[in-house]
Amino acid sequence: MRAVSTAETATTIHPWAVHAEALKVRAGRHLAVDGLDLSLGTGVHGLLGRNGAGKTTLMRAIATVLKPAGGRLTLLGSSVDGRADLRQARRALGYLPQHFGYYPRFTVREFVSYMAWLKEMPKRDIPAATQRAIDRVGLSAKADAKLRTLSGGMLRRAGVAQAIVNDPQVLLLDEPTVGLDPEQRLDLRELLRDLGTDACVLVSTHLVEDVVAACTEVVLINEGQLVWQGTPAALAEQGDERHPGDSPAERGYSALLRSHLAEATR
Amino acid sequence: MSVLGIELRRSAAAGAALITVTVGVAALYTAPGRWSEGWMSLALTVKEYMILLWPIALAAGAWQGRREHRAKVGELFATTPRSRARRMLPVLVAMGASVGLAFLLVVGAGGLWIASTAAYFPPDVVAITLVGALSLVAAAWLGLGIGRLLPALVTAPVLAVAGVLLVFFTAIMRPDWMGAIMSPAYGSSPFYAFQTIDPRVTAVLALFMGGLALTGVLLLVARGPRTSVAAVLPVLLGFGAAAAIVPRDEAALVAPIDPVARELVCTDDAPKVCVTRVNSNVLDALTPLAREGLAVLAKLPDAPTQAHEERWAYPVEDAPTRDAGIVTITVRIDDHGGLAHPDAVVPEMVFGLGTGYGNPECERNGAVERAAAYHLLGREPVSDVGVIPEMIEEEPQLNAEAVELWQGLQKLPAPEALARVTAVRDALLACQDPTGLLSR
């Protein structure tokens, strides 16, 4: 019998892992997220949108890098604003930024361990969690190689490994497939499906195919607002032969964007 | 795999320690004669080399301090719960411990060389060495803070140069007490073997360096510009506290004398030969030479009966008054801590005819004195170059004149020659010009 902390007995049941209401976030002086309503639960959510739609800004806000300029944002039940203590939420967060910064002199294992330490994991759990994260992204053979010796695709996977080392409840991956070869992309999809069974995974990408293959839900945003949210199957039903695209999902994506833009200009 | 272990391996800590040890040991062993005299000489010499070591630690800290900026990890790390201060702790410990230990290794490397010959271990050496290590820790931490604040490629090299200038100019600045507080190299210029550093000067340097170290830490962990500005407080407080207790008198600041190191250690039997405690390891080597010199001088009436090491603390003291019964010897120490230039001991004792250096205001005559001295030594005068180690050049005329006078003495009956030599000695003692006393 051991003492149990209040954090351990706190309810893990939140209506939504990520919940945004009329969320506004600035990127510089520009309001890149402007009145976004979004609720995300367990599963893999593919975040789609054109360049400049606000995908990365939304990711950074959920990652607690940027403070909301307005509206409400809750992460695992705790509110993300200037005053709140974010430590609890941050412990349950995994984040791969669009531009993944790393220490080139560190080995993969050292960097992932270091990130686990920064995420305040219990010291005794770190070595095993590190090994598991490296194994899951398929970098076991390179675990003790220095990061500066890795190729672009390997670095991206090392970035995913550091993001998942703490078994995050909210995992944010900003373009994780950049630099991966086709086989590695298939492996990553597999990993995403696996992670999505008990966590809220938000993946930002330009590749509609990745979303269809790996995501349980599609989130389409434009100019900082939610355009559409639904299953990949429902996305495919949105388009028909008149819309550009090489697959039903791509045609659905085009159809949704077109009708949204038409509405906006009306 | 602990985070401290990772930082020790992957940060600039190991490199900084390696460079510090390499530069420090190389500087020491380039000229071991500067510190072979003993532990305090070693401590002072290492302190002098702070002009190299302190900037190295400062630059290494600055290089390390810009790591997060260089690697662009700020965004990723901002999403983690661990605070900036906690994140910086391992790198502070790694950098501080490695440059501090490196400094102790440098002192230790010198210590190995002198351990068997150094006869006197003043406890102040420990304090001076520990505060030296603290100074390097402070430099590394200040560098970390500045490197984080100004994360440019040129910051480290610019700080290295600035560090050299800072150590140098604070060491020689006026007033002296300010230099004593701020310069990690203050008071390290060696003048004599029984020199020391006042414990209060070591203490105020520790206060100032402690403040500087804290300033570096605050700059490194500051969350915003307000904390960065507040970071100057520790160094100001350190300076203020140091200024309140720093000694202001020259005796404590400029080449202070360790009276224990200057105490005489003598032979038990007569004729008595004495050396300072700090040089007491050469007493056995010096004694037969000094007694030989005393025996030569004993040909004169009322000759000195004891030989003491010269203990004049030039330039902080006036010339001491001489005891006619004692002849002084300049003791030189070689690279290995032994007696250097043993061949010079007897001639140097005899050259002043037992009167010491005499008063510099008195009229002297080099040729007369040399002829008289060589008459006592029983050989023809030669140039001082090659006899007295520091002499590198002299007028050939001087020795030609001395040889002529010496030949004149040789032709005289022994008692008359000795009477003339004695007259020269008496003139020196009375501050009179000895010219002509040998050839009247």
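Author: Start with pairing: two strands pair if DSSP finds at least two bridges between them. Note that the model is predicted. Leu93(A) stands opposite Val170(A) in strand 7 of chain A.

Reader: What makes strand 6 and strand 7 of chain A a pair?
Author: Pairing needs at least two bridges. Strand 6 (residues 93-96) and strand 7 of chain A are joined by 4 bridges and run parallel. Therefore they count as paired.

Reader: What makes strand 7 and strand 8 of chain A a pair?
Author: The test again asks for at least two bridges. Strand 7 and strand 8 (residues 200-204) of chain A have 5 bridges, in the parallel sense. So this pair passes too. In strand 8 of chain A, Cys200(A) is the bridge partner of Val170(A).

Reader: Why is strand 7 of chain A called mostly covered?
Author: A residue is buried if 20 or more other C-beta atoms lie within 10 Å of its own. In strand 7 (residues 170-174) of chain A, 5 of 5 residues are buried. Val170(A), Leu172(A) and Asp174(A) cover one side, and Leu171(A) and Leu173(A) the other. In a regular strand the side chains alternate between the two faces of the sheet.

Reader: Why are strand 2 and strand 5 of chain A placed at the edges?
Author: The open sheet has 4 strands in the order 2-1-4-5 (chain A), with antiparallel pairing. Strand 2 (30-40) and strand 5 (78-79) of chain A each have a single partner strand, so one side of each lacks a neighbour in the sheet. Strand 1 (residues 18-27) and strand 2 of chain A share 8 antiparallel bridges. Leu23(A) stands opposite Leu36(A) in strand 2 of chain A.

Reader: How do you know how helix 4 and helix 8 of chain B are packed?
Author: Two packed helices are described by the angle between their axes and the distance between the axes. For helix 4 (residues 50-65) and helix 8 (residues 124-149) of chain B, the axes come within 6 Å and cross at roughly 35 degrees. The crossing of helix 4 and helix 8 of chain B is right-handed. Residues of this contact divide into 16 nonpolar, 8 polar and 1 charged.

Reader: Which residues touch the most other members of the largest nonpolar core?
Author: Of its 88 residues, these are Ala16(B), Ala57(B), Val99(B), Leu136(B) and Ala140(B). Leaving aside neighbours within four places in sequence, Ala16(B) is in contact with residues including Ile56(B), Met95(B) and Val99(B). Another core, of 87 residues, lies apart, with Val33(A) and Phe100(A) among them.

Terms used:
Residues are numbered from 1 along each chain as its sequence is written. Chains are lettered from A and ligands numbered from 1 in the order in which they are written. This is a predicted model: local features need pLDDT of at least 70, side-chain atom pairs count only at pLDDT 80 or more; totals for chains, interfaces and linings use all residues. Axes are lines fitted to C-alpha atoms, for helices over the stretch in contact, and angles run from 0 to 180 degrees between N-to-C directions. Helices (H or I, at least four residues) and strands (E, at least two) are DSSP runs, numbered from the N terminus. A crossing is left-handed if the near helix is turned anticlockwise from the far one by less than a right angle, and right-handed if clockwise. Ala, Val, Leu, Ile, Met, Phe, Trp, Tyr, Cys and Pro count as nonpolar, Asp, Glu, Lys and Arg as charged, and the others, Gly among them, as polar. A nonpolar core is a set of buried Ala, Val, Leu, Ile, Met, Phe, Trp, Tyr and Cys residues joined through C-beta atoms within 7 Å. A residue is buried if 20 or more other C-beta atoms lie within 10 Å of its own, exposed if 12 or fewer, and partly exposed in between; C-beta atoms are placed from the backbone. Two residues are in contact if their C-beta atoms, placed from the backbone, lie within 7 Å.
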